[in-house]
Amino acid sequence: MRKALLALLLAAGVTPALAQEKTFELKISHWVPSSHPLQKSLEDWAAAVEKDSGGTIKSKVFPAQQLGKAFDHYDMARDGIADVTYVNPGYQPGRFPLIGAGELPFLMSDAKGGSMALDAWYRKYAEKEMKDVKFCLGFVHSPSSFHSRTKKIVVPDDIKGMKIRPAHATMANFVTQLGGTNVQSSAPEVRDIIERGVADAVTFPWGSLLLFGIDKVTKYDMEAPLYVTTFAFVINKDKYNAMSDKQKKAIDNNCNTETAGKVGEHWGKMEDAGIAKIKAEPSHEVYTLTPEQIGLWKKAAEPLVKTWGDGVKKNGGDPDTALTELKASLTKYNALAQ
């Protein structure tokens with residue numbers, strides 16, 4: 001009788017725990033090719049979560065817009081079409097104004113430090129700005145610039161009359177301000193729109209220029225640290241909330257500033273290696289800018305800070321405080337551009 005009672009008590013204590021630890025199969029969606037370094041970063045992330053969860057959270061990565069278009073990835077996580085998604089907030093102008101601070105020209109110097117600084121700074125803001133999802137982490141690619149099919153872009157006045165595909169909302173504002181016309185497209189569509197003459201130039205990182213075949217349709221490459229693009233991994237809230245405390249901890253352990261730095265560094269190395277490869281292509285002309293020319297670009301970019309700040313104010317934010325905090329974070333992680 002005592003043995004039977006002990007067994008019942010043990011069962012009563014164990015059963016709730018077992019019920020909580022059900023297995024989850026996460027659908028992780030992104031929109032770049034499987035050959036992109038982001039694929040491995042997401043696979044590594046999934047493997048780390050599976051290990052930390054004791055094997056109860058498994059994942060499958062879906063690359064190349066298999067589950068939906070690049071522009072839709074935030075809403076895909078919100079609506080449960082995918083459980084974890086890769087988002088470019090700048091693809092939807094005005095929707096995520098605060099994180100757009102990271103897009104301001106001549107702000108960040110490298111991918112790893114910039115990613116850690118952005119992530120550490122943005123976490124408290126994400127709770128409001130990306131409240132429909134669970135924010136996992138934020139990161140950036142290496143500083144990048146203009147690549148053109150038709151002519152060298154040397155000074156801001158060269159943008160006038162050009163059709164340019166911008167990386168995000170801030171660069172779109174820049175192009176408009178300088179007298180150019182924006183051509184909107186996601187990264188996988190860039191080669192096609194340049195090849196067809198729909199766009200004359202693009203703002204794009206170096207390694208990805210090769211990965212997407214854009215080097216086949218461009219010729220002139222400005223080697224200057226003009227801008228970076230901000231990105232995020234976000235998670236469906238319902239899926240996360242359905243997990244046990246142990247499983248949530250497995251997610252949280254891999255949604256942090258350290259992981260953001262790893263993702264940024266892995267991607268950044270690929271982009272930086274692309275510079276030498278483009279220089280080696282005989283059909284390309286890679287050129288640097290003089291200090292005076294860099295000065296003209298910095299001066300031309302100054303109004304973008306006000307444009308960004310106005311967008312933040314519309315959403316009830318304090319742009320001055322936010323930008324001061326971001327610069328402090330960049331200084332901490334040795335990633336503030338000089």
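**Aromatic groups and helix packing**

One aromatic cluster is formed by W31, F71, Y86, Y91, F139, F231, F233 and W267. The model is predicted, with local features requiring pLDDT of at least 70 and side-chain atom pairs pLDDT 80 or more, while totals for chains, interfaces and linings use all residues. Residues are numbered from 1 along each chain as its sequence is written, and side-chain values use heavy atoms, leaving out hydrogens and water.

**Rings and charges**

- The structure holds 17 aromatic pairs; rings of Phe, Tyr and Trp (its six-membered ring) pair if their centres lie within 6.5 Å.
- K152 lies over the face of Y287, at 5.0 Å from the ring centre; a charge sits over a ring if NZ of Lys or CZ of Arg is within 6 Å of the ring centre and within 35 degrees of the ring normal.
- F106 has K298 over its face, at 5.6 Å from the ring centre.

**Helix α11 with α5**

- Helix α5 (residues 169-177) and helix α11 (residues 291-314) have axes that come within 10 Å and cross at roughly 120°. Helices are DSSP runs (H or I, at least four residues), numbered from the N terminus; axes are lines fitted to C-alpha atoms over the stretch in contact, and angles run from 0 to 180 degrees between N-to-C directions.
- That angle makes α5 oblique to α11 (under 35 degrees is roughly parallel, over 145 roughly antiparallel, 65 to 115 roughly perpendicular, the rest oblique).
- The α5 and α11 crossing is right-handed (the near helix is turned clockwise from the far one by less than a right angle).
- From α5, T170, N173, F174 and Q177 meet W297, A300, A301, P303, L304 and T307 of α11; contact means heavy atoms within 4.5 Å.
- The residues of this α5 and α11 contact comprise six nonpolar, four polar and no charged (Ala, Val, Leu, Ile, Met, Phe, Trp, Tyr, Cys and Pro are nonpolar, Asp, Glu, Lys and Arg charged, the others, Gly among them, polar).

**Helix α11 with α12**

- α11 packs with helix α12 (residues 319-332) at an angle of about 120°, the axes being 9 Å apart, which makes α11 oblique to α12.
- V305, W308, G309, V312 and K313 of α11 make the contact with P319, A322 and L323 of α12. Its residues are six nonpolar, one polar and one charged.

**Helix α2 with α9**

- The axes of helix α2 (residues 37-52) and helix α9 (residues 245-252) come within 8 Å and cross at roughly 150°; α2 and α9 are therefore roughly antiparallel.
- The crossing of α2 with α9 is right-handed.
- W45, V49 and D52 of α2 meet K246, A250 and I251 of α9, giving four nonpolar, no polar and two charged residues.

How values were computed:
Phe/Tyr/Trp six-rings, centres within 6.5 Å; stacked < 30°, edge-to-face > 60°. Helix = DSSP H or I, 4+ residues; strand = E, 2+ residues; numbered from the N terminus.
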